[in-house]
Amino acid sequence: MKRRERTRQLIELGGLIAKAELVELTGDDRAVILGLLVEAAARLRGTDREQALTLWRRRGMRAFSDRLDC
């Protein structure tokens, strides 16, 4: 991946963290945010991967549409 594309990807991913209100909810505790992400990654390596993806995808799509309605 080229440097510019990688930078854009990282900015967009940071935006998702902000949209989920994780910065405010954790008091900008980056160790907590990383812990949440590590926990999600562990779940995706487990046997309930597909169920987790389905649940999180639905919640994410709902969150995107809720933001558009504002």
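How many residues does α3 have, and what does the helix reach from its first C-alpha to its last? α3 has 15 residues and reaches 21 Å between those two atoms, close to the 21 Å expected at 1.5 Å a residue. The model described here is predicted.

## Overall fold

The protein chain contains 4 helices and 0 strands. In sequence order the pattern is α-α-α-α. The helices are α1 at residues 3-19, α2 at 22-25, α3 at 30-44 and α4 at 49-69.

The radius of gyration of the protein chain is 14 Å, whereas a compact globule of 70 residues would have a value near 11 Å. Along the principal axes, the C-alpha atoms fill a box of roughly 35 × 30 × 30 Å.

## Surface and charge

Of the 70 residues in the protein chain, 6% count as buried. The exposed surface comes to about 6300 Å², and 57% of that area is supplied by carbon and sulfur atoms.

The protein chain carries 15 positive and 11 negative charges. The mean position of the positive charges and that of the negative charges are 7 Å apart.

Helix α1 has 17 residues. From its first C-alpha to its last it reaches 24 Å, close to the 24 Å expected at 1.5 Å a residue. Arginine 8 lies in α1 and is exposed, with a relative accessible area of 57%. Its C-alpha is separated by 30 Å from that of glycine 46, which is 38 residues away along the chain. Leucine 10 is also found in helix α1, but is partly exposed, at a relative accessible area of 46%. Between leucine 10 and tryptophan 56 there are 46 residues of sequence separation and 20 Å in space, C-alpha to C-alpha.

After α1 comes glutamate 21, with a positive phi near 65 degrees. Most residues other than glycine have a negative phi. Glutamate 21 is a residue other than glycine with a positive value, and it lies in the loop between α1 and α2. At 39% relative accessibility, glutamate 21 counts as partly exposed.

## The loop between α2 and α3

Threonine 26 is found in the loop between α2 and α3. Is threonine 26 buried or exposed? Threonine 26 counts as buried because its relative accessibility is 18%, and the cut-off for buried is under 20%. A polar atom of the threonine 26 side chain lies 2.6 Å from the backbone oxygen of leucine 22.

With 37% relative accessibility, aspartate 28 counts as partly exposed.

## The start of α3

Which contact is found at the start of α3? There, a side-chain oxygen of aspartate 29 reaches to within 3.1 Å of the backbone nitrogen of alanine 31.

## Helix α4

Methionine 61 is found in helix α4. The residue is exposed, with a relative accessible area of 54%. Methionine 61 and alanine 42 are 19 residues apart along the chain, and their C-alpha atoms are separated by 22 Å.

Conventions. Residues are numbered from 1 along each chain as its sequence is written. This is a predicted model: local features need pLDDT of at least 70, side-chain atom pairs count only at pLDDT 80 or more; totals for chains, interfaces and linings use all residues. Side-chain values use heavy atoms; hydrogens and water are left out. The radius of gyration is taken over C-alpha atoms; the globule rule is 2.2 Å times the number of residues to the power 0.38. Buried means under 20% relative accessible area, exposed over 50%, partly exposed in between (1.4 Å probe, protein chains only). Accessible areas come from the Shrake-Rupley method with a 1.4 Å probe; for residues, only the protein chains shown count as cover. Lys and Arg count as positive and Asp and Glu as negative; His and the chain ends are not counted. The place of a charge is taken as NZ of Lys, CZ of Arg, CG of Asp or CD of Glu. The expected span of a helix is 1.5 Å times one less than its number of residues. A polar contact is a pair of N or O atoms within 3.5 Å; within protein, one must be able to donate a hydrogen and the other to accept it, and residues adjacent in sequence count only if both atoms are side-chain atoms.
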